[in-house]
Amino acid sequence: MSPFHMTPLSFEQRYGGDWNELEQLLKVAFGQSAWQSQKVERDQLGARLAHLYRCSCEHLAIARARAYPSYLTERLDDLTQRAHQLIYRQRSWGLDALRTLLLIGIPQQVRAHAQHVWLALAAFGGPLLAMGLLTYFDPTLILSLLDAYTVQNFTEMYGAGADSIGRTRHADTDWQMFGFYIMNNIGIAFQCFASGLFLGLGSLFFLSFNGALIGAVAGYLTERGLADNFYAFVVTHSAFELPAIVLSGAAGLQLGHALLAPGRRTRIHALREAAREAIVIVYGVTAMLLIAAALEAFWSSSRWVPPTVKYSVGAVCWVLVAGYLLWQGRPQRHARAR
């Protein structure tokens, strides 16, 4: 039976044994009595604890989504917090913690807050598509978002005479553009995330505005006959940049949701818990934006790379990012059978 169709009692009966085991392993881990004497047992306990932690995070997300009794969600929240502290903050080697964060923590948190991700995607993607179509049929609409000088600059950046596609007038080298892209992309992501403190409305505004802006530029350049250069330029790095913007907005919506609906917790306590979970997604956003900036500066702008190659590489990147967010770090189903 799917956990989404269980009653709270059957849900607890089905997975209560795993929670009890995780609780016992946490006691051993924090006490470190068994680990100091038996290294093999330490490795085995660590792998089992990490698996139970991933399962419990999924159980917590389900319990919250199904509005299960508070004693269930509070227990799971306590277990996952303690396990999170152990896994992410008490690793002896920084590379181990980074590996766990990248391969497990980030995609797991994205899936655990899927409702915020879908809302952020709608707020960003809806205006993008709508403004793209409207600007394609009426190019003058772009002037409602950008001034004439900026519009002309975009035309020159993607025109046939540009030495490097997408390079602004004030940048002479790819390294300068790399720095510009980092500052620009991180600035947008920070706006979408931090403005979530305004009950989530700020995140929705900046997601919608940036979506409309990107759509307007795409529609305008397409209508002007510059589609080949523009889409070949954006197809690869956008696989990392656009999802990162959506995820930063989703993290901001987590903060807003905690303030709007703290449940039985105080708003400060709810915000603190939401921030602890949201910051994991922000780590992923930062990594994705760094990758996007490097690709945009050194790969996307290159005229020596044929458009067909860029489209092929871009398609691979989109598939990899989607697979990472949707499936990476999922506990193996057969491991649940006990």
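Which residue forms a salt bridge with Arg64, with the closest N and O atoms 3.4 Å apart? The residue is Glu277. I will come back to that pair after a look at the whole chain.

What you see above is a predicted model. The protein chain has eleven helices and zero strands. If you read along the sequence, the pattern is simply α-α-α-α-α-α-α-α-α-α-α. There are 338 residues in the chain, and buried residues make up 48% of them. The accessible surface is about 17300 Å², and carbon and sulfur atoms account for 65% of that area. Now take the contacts between residues at least 6 apart in sequence: 74% of these join residues at least 24 apart.

Back to the charged side chains. Side chains of opposite charge can pair when their charged atoms come close. In this model the count of salt bridges is eight. One of them joins Glu23 and Arg75, at 3.7 Å from N to O. Glu23 sits in helix 1, residues 8–31, while Arg75 is in helix 3, and the two are 52 residues apart. Glu23 is partly exposed, because its relative accessibility is 25%.

Next, Arg64 and Asp77. Their side chains meet in a salt bridge at 3.1 Å, N to O. Arg64 is partly exposed at 36% relative accessibility. Is Asp77 buried or exposed? Asp77 has a relative accessibility of 8%, so it counts as buried.

That brings us to the opening pair. Glu277 and Arg64 form a salt bridge, and the pair links helix 10 to helix 2 across 213 residues of chain. Glu277 counts as buried because its relative accessibility is 8%, and the cut-off for buried is under 20%. Put together, Arg64, Asp77, Arg276 and Glu277 are linked in a network of salt bridges.

Helix 5 covers residues 114–137, which is 24 residues. From its first C-alpha to its last it reaches 34 Å, close to the 34 Å expected at 1.5 Å a residue. Its buried residues include His116, Val117, Phe124, Leu128 and Met131.

On the surface there is a nonpolar patch made of Leu95, Leu98, Leu102 and Leu103. Together they have about 360 Å² of accessible area. Leu98 belongs to helix 4, residues 94–112, and is partly exposed at 42%.

Last, the loops. Most residues other than glycine have a negative phi, and most peptide bonds are trans. Which phi does Ala67 have? The value is near 55°, which is positive, in a residue other than glycine. Ala67 is in the loop between helix 2 and helix 3, and counts as exposed at 63% relative accessibility. Leu199 has a positive phi too, about 55°, and is not a glycine either. Leu199 is found in the loop between helix 7 and helix 8, and is partly exposed at 42%.

One more loop residue is Pro306, between helix 10 and helix 11. Pro306 is partly exposed, with a relative accessible area of 39%. The C-alpha atoms of Pro306 and Ala232 are separated by 8.7 Å, although the two residues are 74 apart along the chain.

Conventions. Residues numbered from 1 in each chain as written. Predicted model: local features only at pLDDT ≥ 70, side-chain atom pairs only at ≥ 80, totals over all residues. Heavy atoms only, no water. Patch = residues over 30% accessible without salt bridge, like charges linked within 9 Å, V, L, I, M, F, W, Y side chains within 5 Å. Areas by Shrake-Rupley, 256 points an atom, 1.4 Å probe, with all protein chains shown as cover. Salt bridge = Lys/Arg side-chain N within 4 Å of Asp/Glu carboxyl O. Helix = DSSP H or I, 4+ residues; strand = E, 2+ residues; numbered from the N terminus. Buried < 20%, exposed > 50% of the residue type's maximum accessible area, 1.4 Å probe, protein only. Expected span 1.5 Å × (residues − 1). Contact = heavy atoms within 4.5 Å.
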